[in-house]
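Please read the points alongside the coordinates.

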Amino acid sequence: ALFTAWSDKLTGEEVCQLKDYLVKEWGRTKAITEPTDFGSMCSGTDIPAAVCEQWWLWAGQWTGQDFEYKHRFSSELDAKKRAFINVMHPNVGHIFGHVKDLSHRSGEAWDLKRRDLVRVPVCRILAAGFPCLDVSGLNPHSRTLRNRQCISQVALRTGGVFSGIVEYIKAMICRRSPPEVMIFENVLGLKNPPRDDPNGPSNLDIVGLMLSGLGYRLHAWHLSPRMFGVPQCRQRVWMTAIRTSNMEGVLADFSESSEILAELMSRITGFPESKLVKYLVNSRSRAHIKFLETVAARRQLQKKRYAAASVKQQVGRTIEKKRDIAVQKKWKTAFKAAVKKYPYLDTLTTRKRALMCTIGVSAFPEKQIRVVDISQNKARTNLVSGYVPCITPKGEKYLTDRCRPLLGVEALRLQGMWLELGNPKIHDMSDSLLRDLAGNAFEQSCFAAVLWCTLVFYAKMHHRRTAAGMQPRTPIYLPDPMLEKCEDDDDVRTEVLGGGHDQGNSSVVSQHKTD
């Protein structure tokens, strides 16, 4: 539905350009074998794979061309997430562990799905995520110099994983098969400059500089699912890496690409927001029944722990309850009365109860649906109506009209993944695991928007090159130092290359500060 709506935003000329580009550059031809291979790195639930599959199905109907889509590989370090990917994406060709495994000098990596050593696969579309905790505003250490420079210093998890992504790209360049489309996502903190140098380069700027040395120009958007009609406020930096070789000879200045991409995105935002209730399960669903069973088990465990606690611990808990001054007596009475009907309330800690009282949760249940993240403190949360605050791995979003938290399956729906609740393999997964998966996932509508703008941009460049009598598609630019390394000892992965096209490097930093 999104792709159809967005195609209506294109001019007649742009429609012809996009169809021509897709058929000639991505369709099944003798010159291009397996043209739509997709690979992902640390994207959580691999939602981008589902988006790409839907995209090529839609594109096939739209153009009348047969596109062959293959989910070539996924890379995920966490074993539980790998198991989820294997269940939800049974057609994935390979599943690897750490992203650094994909850039070994032998060109091979251990496939955790096949339990065998395989040649690292290539892909034309790459969706890659890297950990956000080190640069997130919720992290008290995110303002330190080490965190603000973790990409350039290849430090912490954020810098280490992104370094692995870059090494894979270098390895593919040496094999003359670099990705055509690369999409990244991270938190807004990625744009923050070093604390001691407000005018210095941010982690986002360094990402752009590193990719420019590989023949790509980075463009970044500040997006949220609410811009596309999804009732979730999840503000993120979304990035696309454009191959500079496709812009040579048709753009006088590569910075013009930012203007084109920004204009394309502005056309497809502003969808009317869907109602939150559409994403919630009813009280008779398997997910809700399983949740009630979990709550009952948690209450029994709490009673056993309290009974087994020492006298000193019991006195401490009693004192903690007496210190709950912030909770008004009238509010406590209403809360206790609701516990019988809504047992989840009885599992809430004193801090969460006090937060709900002070922030304005007035009844159990309330007539209208409001949401508050009770896993945060008062300074970091507020009560909102009609939508859900950003879904995070350990977050607990309380729904005021249902007197319960947002369930894992509901969080995944808000991220764009609608699970079949009757699937026994999914039923065995805990609600906390599903919430954790949702919190780390790429959001569907934002990824689809970035993919759409990138391909429409490439279609424009393809048209201009063809009209100018140039080759419609040129090989990736290979810097001389990298070419020598690839030919000599294939040890190019051990260094971060600078250089590249002067046009591409000259404005990459200022681009991110103005986007």
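This is a predicted model: local features need pLDDT of at least 70, side-chain atom pairs count only at pLDDT 80 or more; totals for chains, interfaces and linings use all residues.

1. Glu-14 is buried, with a relative accessible area of 7% (buried means under 20% relative accessible area, exposed over 50%, and partly exposed in between, with a 1.4 Å probe and protein chains only). Because Glu-14 lies in helix α2 (residues 12-26) and Arg-267 in helix α8 (residues 256-268), the pair ties together parts that are 253 residues apart in sequence. Helices (H or I, at least four residues) and strands (E, at least two) are DSSP runs, numbered from the N terminus.

2. Residues are numbered from 1 along each chain as its sequence is written, and side-chain values use heavy atoms, with hydrogens and water left out.

3. Glu-14 and Arg-267 also belong to a network of salt bridges that links them with Glu-263 and Lys-460. Over the whole structure, the search finds 21 salt bridges.

4. Arg-226 pairs with Glu-273 in a salt bridge whose closest N and O atoms are 2.7 Å apart. Arg-226 is in the loop between β8 (216-223) and β9 (236-243), and Glu-273 is in the loop between α8 and α9 (286-308), so this pair ties together parts 47 residues apart in sequence. Arg-226 is partly exposed at 32% relative accessibility, and Glu-273 is partly exposed with a relative accessible area of 32%.

5. A salt bridge also joins the side chains of Glu-68 and Lys-70, at 3.6 Å from N to O. Glu-68 is partly exposed, at 23% relative accessible area, and Lys-70 is partly exposed, at 28%.

6. The largest pocket has a volume of about 1,500 Å³ (a pocket is an open set of points on a 1 Å grid over the protein atoms alone, where a 1.4 Å probe fits, with protein on both sides within 12 Å along at least five of seven lines; lining residues have an atom within 4 Å of a point). Grid points are joined across faces, edges and corners, and the volume is the space filled by probe spheres set on the points.

7. Which residues lie nearest the centre of the largest pocket? They are Cys-132, Val-187, Arg-236, Thr-392 and Pro-393, out of a lining of 50 residues. Helix α6 gives the most to this lining, with 3 residues.

Conventions:
A salt bridge is a side-chain nitrogen of Lys or Arg within 4 Å of a carboxyl oxygen of Asp or Glu.
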